[in-house]
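Subject: Structure handover

Hello,

Here is the structure I said I would pass on. My notes follow below it.

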Amino acid sequence: MKGYHLGELEELILLTVGILDQEAYGVSVLEEIKNQTGRKVNISAIHTVLNRLEDKGFLKSEMGGATEERGGRRKRLFTLSATGRAAIEEVKTLRNKMYDQIPPFALDLSYGH
Amino acid sequence: MDTKQKHFPPKWPDRFLEFYCTPSRLEQIQGDAYEIFYMNLEEKGLAFARFRFFIHVLSFFRWNNIKKSNSTYQSYNQGAMLKNYFKIGWRNLVKQKGTTFISVFGLAAAVGCCMVAYLFIANIWFKGLHQPNKDEIYQLTYTAEGENGLVTYGSVGRPLAEMIPDKLNMIQRTTQVMRDFPILIQKNESYNQRSLYVDPTFMEMFVYRMDYGYPGALDDPSQVILTHELSEKLFGDTHPIGQELSLVTNGEEKLYKVGGVLADLHDMDMFTFDLLVNIETHPVSTDDIPLKDSWRDELWAFIQVEKGADIAQMESGLISLTKIQNQVNPEKPYQKLELVAFSDLVYKVGEIENGVRDFLGLGPQILLGAIGLFILILAIFNYVNISVLMASKRLKEIGIRKVIGSRRSQLVFQFLSENLMVCLFAMILGCLLAGFIFLPGFNEIASKNLKIDLLRDPFIWMFMGGMLVSITLISGLYPAIYVSSFKPINILKGNQKIGSKSTFTSVLLTFQFTLAIISIVAGIAFVQTNYINSNRDWGYDSADKIIVNVPNQEDYLPLKNKLSALASVTEVSGSQDYVGNWIREEVLDFGQEKYEISLLNAEANYPELLGLQLKQGRLFNSDLISDTQESVIVNQTFLDQLGLEFPLSEKITLDSVNYTVVGVVEDFHTIFFQSAIDPMVIRASPDTTFNYLTLQVTDGSAETTMASVKKIWHETVPRGLFEGKLQTEVFEREFSDVEGVRNILLFSAILAVLLAALGLFGLVSLNMNSHIKDYCVRKVFGADMGDLSVKLYKRYLIIWGIAGVLGGAFSILIISNFLDSFFAFHSGVGVLPIGTGLVLLLLVVAGTVGSQIWKIVKANPAVILKSE
């Protein structure tokens, strides 16, 4: 099986970049994750993961969108690459496939009570 | 928006971020950090925002975000460059085996000498510093009014030492330490050993490694702890624990068992001792004496304070101790009591009377240090000269490197790295030389026990590291900077000329020769003085005489009678001191003046027995009562110093008794030639008991009689220490000391000459190699050996001449002072030492240069000119 090997945080951030679509950069990813999951992730961890995902080819980036808050500095805006999209797809399919294989009683929460 | 404009992220973290962050990521990271800062500012306030900013800057400090000084590619390259420096350096060294050997050997010899000198000096100054508790240990000292102002004493009254634990707080341990010299008797042999009587806590306060037994052995008062040396001396290879020995103090004999043996101290301990004894067993503890008298028994008191205790806080305790002392003992009031740190004791040698350490012996330290420095300078100059010359062979390499784009710093580094390699080899070789050759020899000569202790001595590593760096820089910086300064265009065109003709080389060579001459002169002058002194007339007849000591007055007469009865003994005479040893000094009144003189109290037949040479007047007549009561004999110096003529018209006064001078004897040496002859008065004392007996024995029987004398002595004095010796041996120790110094000086002179010769050889042969074509062309055109010799010799002979003048002048100045400090009687720096020095050096020059001339003479010009 061709593996994309996404870590948990990597998967989360990859999804967030997909959701944010054209507006994904460090701080916005941080905010989005906080809003969606309530998790507070360290900004430097997000940077590390974003850069790693770009190295792996799942993300593309370009500079742009300077604001006053940033002291006129540009953001590095990330977008999903084709590989990245495929990776999400595959992770999702794989997960669904495995989910379906769980015998039904495991879903029966009343089992055993 | 206004609030945002007013506040900015904290400056320092921001700068730190800019400092470390790699430029490609700085913009996004800093931007995000700023954005979050302003977000936090709005939500949580300024302090929180600033704090978070700081945290973020720190959390961004990750490997991927950190700016590398150069790109990864370059840093890899630098490692390769470094490797390259050493590889080229190594090849160069291997290619030039001869010169490398000269450099390494010279430096190694110098390092070895410096190492010995360092160990010797460190051994004196770093005493006791290996003690783990040294920072918490203090010695109690007091200051009192002395004859010439205030004096600080290291020993305090014994009761005072016992009061310390009650009066001072924050004390962990205290111990009393008392020096004594009891007679140690073991298996019918008696020895005089330096003992320390201590409390058992001594072994907890000071930590010693043990060969046998355990440190707590002193808790049992009947046990003693020996040093390694004493244990070897007494018991040899047998197991020392449990062996018995007895100590005699104040005529009382006490039996002890050996409870422990310390590991070899290597002379590094603060205390000098042979055995440790529990102080409870010393007579001062056991005897019942009134408090007042026990105050007079002074000893050292050491305390160990608790970790981190403040010494200033003990002031009040010390003051109350002072008060108690001054009440009990008002005749000698203390000004104040003080605590002196253990590690400062060595530095306060001159300030504390009766202290643990009495003298530093600066003379030998200066001598050894100077020798080490001499040799080191010689070796470094050799090396500098040779490496400049060697570099001249590599001019093309330097030119090409520069053209290709090598920076000057890189070239300097190239040369320095080669230097470092040579110095490293020299260090290693030098340590080996010092450890296996120099140190054992030196220990033998100086009766020391020095050792290079790489495992336990951090200072030796510091010393070696410092030496490596300094030798590398001193010897390498000049050649490296000089050679790397050339312009590539000049080098490649062939215009750049360097070589042995430079003034710099000549100056260094002159200096080397000067040093060599000084050390030769020192060696030879010392040998000459030694020779003259060993043949010097002692002023009396030393043959066939035995001196024995008499420890107790009551033993004197029985001993004298028994010894007189021996068949080979012809005459016996008693004396208070004996000739060949220190003689007590007295003050003499003559006319209105007072004079310091040596006074020898002896029986009336002593001068005659000793064979003193009478100059004027007469010797004592034993039958005349007046001779044993009011007559003295003086030596010639006495008359000279007092400006008198024999016979004297007046009487001289000693202890307010008047004496007539009945005779004058020629000067004779009572103490070694290191001291001048003092004015001496010999008094035929009416005393019937003396400290020493001198026996005149029949011709040639002195050594055989010695055994029976010793036997009789031990029968008569059961618990005493026999110190008999032959009159001919009284200067034995001094002679061997002087011989040791002579050997050291000779060794350094030989080494200096060897180094100078090696350096010269390297210089001349390298020079010859680069000019051999020149000489061959000359030869082809008809130059004979004489012409070539003149051309080659001229420069070195000039240098030799200058060095001869300088060296001669300096040695007259330095060496005469040195001899003066050593001997009252010496031959001075005469023609012989300087002449020999000059001739020796001339021979070295002639030999070295001659060997090169021989090379040309033998060379076939056709072969040499044809090649290339």
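Which residues does B:L107 touch, not counting residues up to four places away in sequence? In this predicted model, B:L107 touches B:A379, B:I380, B:Y383, B:V422, B:C423, B:A426 and B:I471.

B:L107 belongs to the largest nonpolar core, which has 122 residues. Within this core, B:L107 and B:F526 touch the most other members. Helix α6 of chain B (residues 97–125) supplies the largest share of the core, 17 residues. Domain 3 (362–532 + 736–866) and domain 4 (545–733) of chain B each contribute at least three residues to the core. In soluble globular proteins, nonpolar side chains tend to be buried together.

I also looked at B:A522, found in helix α18 (residues 503–534) of chain B. B:A522 counts as buried because its relative accessible area is 8%, under the 20% cut-off. Leaving out residues up to four places away in sequence, B:A522 touches B:L745 and B:I815. B:A522 and B:L819 are 297 residues apart in sequence, yet their C-alpha atoms are 8.9 Å apart in space.

The last item is a contact of chain A with chain B. From α2(A), A:G26, A:V27, A:L30 and A:E31 take part, and they meet B:D32, B:E35, B:I36 and B:M39 in α3(B).

Regards

Notes. Residues numbered from 1 in each chain as written. Chains lettered and ligands numbered in written order. Predicted model: local features only at pLDDT ≥ 70, side-chain atom pairs only at ≥ 80, totals over all residues. Heavy atoms only, no water. Contact = heavy atoms within 4.5 Å. Helix = DSSP H or I, 4+ residues; strand = E, 2+ residues; numbered from the N terminus. Core = buried A, V, L, I, M, F, W, Y, C linked by side-chain atoms within 4.5 Å. Buried < 20%, exposed > 50% of the residue type's maximum accessible area, 1.4 Å probe, protein only. Domains from an automatic or database assignment.
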